Amino acid sequence: MKSAILQTATRYLLPILLLFSFFLLLRGHYFPGGGFVGGLVASIAFVLHSLANGTASTMKILGYKPISLIPIGLAISTVSIMLPMLFNLPPMTGLWFEEPIPVIGMIGSALFFDLGVYLVVIGVVLTILFTIALDE
Amino acid sequence: MIDNHILAPVFVQLFTAVIQLMFWRKTLTQRYLSVGGSFIGLLVAIRLFSRVYQDGILTMNAANWDAPFGIVFVADLLSVTLVLLTSIACFAVSIFSSIGVSRQRMLYGYFPIFHFLIMGLHGAFLTGDIFNLYVYFEVIIISSFVLMTLGGRKAQLEGAVKYMAMNILASMFFLTGIGLLYGLTGSLNMADLALKVRQVQDGTLVGITSCFFILGFGIKSAVFPLYYWLPSSYHTPPSAVAATFGGLLTKVGIYAMLRVFSLIFVPDEFTRTLLMVIACATILTGAFGAIIKTNIRRLFSYLIVCHIGFMIGGIAMFSKLALMGVVFYLIHDIAVKTNMFLIAGLIRQLRGTMDMDKLGGLYRDYPKISVLIALVLFSLVGIPPLSGFWPKIFLFQEAFLQTQYFFVAALIVGSFVTLYVIANMWAQVFWKNPPREEEVDDRFAPMQPYRKLLMVLPIGMLALTTLYIGLNAEAIVLVAEKISSQLIDTSTYIEAVLNKNNEL
């Protein structure tokens, strides 16, 4: 289904949705939201693009196969879980930088855990949807 | 004592799986990583075991939240013993898998999923929080479902549907039980629950809740009315997968039952009678099911069911001696059952079939391998110096002390049928002349020597473990005695989890 309206709208919606998903990711570690929702929104952005322009062109924007995001995300999350063990704290303890960073706010190991989840969710959702789309 | 490193076995498996995901579709690298990761996991488990054996219970508060509120991980002797055995079995299966699993299955992620499964097992053994236990059960189910369906043959899918349906039902019962328990006490920490359940006035409600746990764990560990999913699904996946399932998965159910019924619910008269009836029925149905089977793996599946009954019976008697028997049997069973399915895989490699009617003459062609297999089979039956013999002594002794003559009878029938079935299998597979000489599909002989070694080595390793358990029974009895006294007198466990808050 090629529609000029959808294609034009997607050109503007894709960056906005990605920005929104990044906002959700950052908001997560003190407030509701976080990696899972952010990942879903980001993958919806790509799904919208693939509906408008076809799966092949979305794959071209992504550059890599989405499945390769899964191990990267898992690795980031696992490392952030285990990081406190280096400081002789139990795993999963939140470690925080002393000073907040402008715009982003407080940064801690929880953010990296969320980042991992974010990547895994994008990887899983896009892998499943693209597999179904390319089968047809 | 607080030790922040008790989750190390879980992390080793998790890391192995994640790194393997990075090498998606590079099966050779995955094989090396799997064997390497399992070996490191084994070393870590040995270290954890020796620490707990010397220093007593170790605990870890995840994310530094104090005990009854956050999730606690507890390494007591029962947990670490099972972690150690799981690691041994995992190492053996991972070596065997490098040859015994088809390349097609490896391409679709056999190894990462296998390590996620082992991670789930380690986590289930180490957690001290009942909801976290449920979460690890889910990790186990999801990975085992993937392992069971990998390959997508029709028989596999059929078995997997039964397996999945029953296990989801079990999870639902388990979750309902947890919900009721939380409603009664407002806590999920097992040590905290132990204290709070005793204060609950309404005894019937506690009894009903405990029935949910019996149902949930009963389905998982395949006891009498709920076991049929096991024999109808365990013969479908490749032998390496069946070995993991047969050796380890049902034992998680037994572990959970031991933990919940020693710590949270102390079995009352009704529960004990119920468990005893279930145990006798499980032993008898499992044993009679095993008699008529001609496929080796189906036969082994029924033997699993039969021997689960021994352990349930031990839990039903609930005394120090009986629990010693249960723990010893658990130790023996993990090593032997894993090995039996690996042996089934080897026999299939040697002859291309697992049907006893079509097998024969293995002893003539492969005398050394046959002797190795005989050692394992004798341990399973429980010929005196070998490992299956010792736990049965404790069970018999306690059953006579408590005048549970039905259980004594069931034990005798179960043991004799096991003996008969195994002797029959030995005669058919190893001694009998093969039915038609010319059609032997031997895929083992043309294999390169190192590949042969990779198939036989894990079986030898597990056989050595069994031999050690049998010949050095004194050490194992000592461990089992310590574990069972910790299970009977839970105050050390509860103190270790809750009281250390004051030290901080």
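Trainee: In what order do the elements of chain A run from the N terminus on?

Mentor: In this predicted model, the elements of chain A run α-α-α-α-α. The secondary structure of the chain comes to five helices and zero strands.

Trainee: What share of chain A is called buried?

Mentor: A residue is called buried if 20 or more other C-beta atoms lie within 10 Å of its own. Of the 136 residues in chain A, 36% are buried. The C-alpha trace of this chain spans about 55 × 30 × 20 Å along its principal axes.

Trainee: Where does UniProt place the feature "transmembrane region" in chain A, and what is the helix content there?

Mentor: The unreviewed UniProt entry places it at residues 12-30, 36-55, 67-87 and 107-134 of chain A. Residues 36-55 of chain A are 95% helix and 0% strand, with end C-alpha atoms 23 Å apart. Residues 67-87 of chain A are 86% helix and 0% strand, and their end C-alpha atoms lie 33 Å apart.

Trainee: How do you know that the length of helix α2 of chain B agrees with its number of residues?

Mentor: The expected span is 1.5 Å times one less than the number of residues. Helix α2(B), residues 27-55, has 29 residues and should therefore span 42 Å; its end C-alpha atoms are 41 Å apart, which agrees. Just after α2(B), B:G56 takes a positive phi of about 90°.

Trainee: Why does the span of helix α16 of chain B agree with expectation?

Mentor: The 13 residues of α16(B), residues 389-401, should span 18 Å at 1.5 Å a residue, and the end C-alpha atoms are 19 Å apart, so the two values agree. Just after α16(B), B:T403 takes a positive phi of about 50°.

Trainee: Which residues of α16(B) are buried, and what covers them?

Mentor: B:W390, B:P391, B:F394, B:L395, B:E398 and B:A399 are buried. The covering elements include α12, α13, α17 and α19 of chain B. An α-helix has 3.6 residues a turn, so residues three or four places apart point the same way.

Note on methods:
Residues numbered from 1 in each chain as written. Chains lettered and ligands numbered in written order. Predicted model: local features only at pLDDT ≥ 70, side-chain atom pairs only at ≥ 80, totals over all residues. UniProt positions renumbered as here; feature names shortened; annotations may be inferred. Helix = DSSP H or I, 4+ residues; strand = E, 2+ residues; numbered from the N terminus. Buried ≥ 20, exposed ≤ 12 C-beta atoms within 10 Å, placed from the backbone. Contact = placed C-beta atoms within 7 Å.
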